[in-house]
Amino acid sequence: MTKNTARVSYLLIALVVVLLDRWTKHLVAQRISLYSHIQVIPGFFQLTHTENTGAAFSLFADSNAHWKTAMLIVFSMIALIVVSVLLWKNHHAHVATGIGLSLIMGGALGNLWDRLARGRVVDFLLFYVKRYQWPVFNLADSAIVVGAGLLVLEILFHKSSAHQDSQPT
């Protein structure tokens with residue numbers, strides 16, 4: 001894969017994440033009233049329309065600090081710059097790294113879009129077992145977590161294989 005082909009592929013992945021994220025949030029906002037839900041798998045999964053003024057998985061959502069949204073926007077922009085630079089330089093690295101960075105970029109852009117347009121992010125995926133539940137999240141959050149997971153796996157397996165290659169036989 002050439003440098004430019006890899007870069008275009010990674011940008012397309014990020015674009016698909018942004019488009020899917022925008023589409024799913026739009027569907028939820030149009031079809032599910034705020035704080036209402038649709039049971040998908042009883043006792044495990046439901047679609048729940050919430051709006052999050054905090055970070056991913058509702059971190060800082062309870063904070064009333066007036067600077068919170070601005071801080072989250074600035075942090076998202078810095079993360080996007082870092083990811084963009086890493087993606088630009090990643091043309092010869094492992095594919096998992098590029099895909100992971102692309103997923104993070106797409107997710108960050110999706111949530112940044114909401115934050116800039118409305119000051120809050122639409123969340124709607126709720127997984128739970130009995131009274132225990134994961135914070136409500138969205139497709140952008142999922143892309144960020146999966147992308148970060150790919151980077152962690154890449155680091156773990158790349159280092160272990162590099163370490164094995166350097167050992168004398």
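**Sheet, helices and cores**

In this predicted model, glutamine 46 stands opposite leucine 126 in β3. The strands β2 (residues 45-52) and β3 (residues 121-129) run antiparallel and are joined by six bridges.

These two strands belong to an open sheet of four, ordered β1-β2-β3-β4, with antiparallel pairing. The edges are formed by β1 (37-41) and β4 (132-133). Each of these has a single partner strand, so one side of each is left without a neighbour in the sheet. In general, strands of a sheet pair through backbone hydrogen bonds, in either a parallel or an antiparallel manner.

Two helices lie across the sheet strands β2 and β3. One of them, α1, runs at about 85° to β3. The other, α3, also lies across β2 and β3, and runs at about 125° to β3.

Nonpolar side chains tend to be buried together in soluble globular proteins. Here the largest nonpolar core has 13 residues, and Leu80, Val83, Leu87, Leu101 and Met105 touch the most other members. The elements giving two or more residues to this core are α1 (3-31), α2 (68-89) and α3 (95-118). The largest share, five residues, comes from α3.

Which residues does leucine 80 touch, leaving out those up to four places away in sequence? They are Met105, Ala108, Leu109 and Leu112. Apart from this core lies another, of seven residues, including Phe45, Val122, Leu125 and Phe137.

Terms used:
Residues are numbered from 1 along each chain as its sequence is written. This is a predicted model: local features need pLDDT of at least 70, side-chain atom pairs count only at pLDDT 80 or more; totals for chains, interfaces and linings use all residues. Side-chain values use heavy atoms; hydrogens and water are left out. A nonpolar core is a set of buried Ala, Val, Leu, Ile, Met, Phe, Trp, Tyr and Cys residues joined through side-chain atoms within 4.5 Å. Buried means under 20% relative accessible area, exposed over 50%, partly exposed in between (1.4 Å probe, protein chains only). Contact means heavy atoms within 4.5 Å. Two strands pair if DSSP finds at least two bridges between them. Axes are lines fitted to C-alpha atoms, for helices over the stretch in contact, and angles run from 0 to 180 degrees between N-to-C directions.
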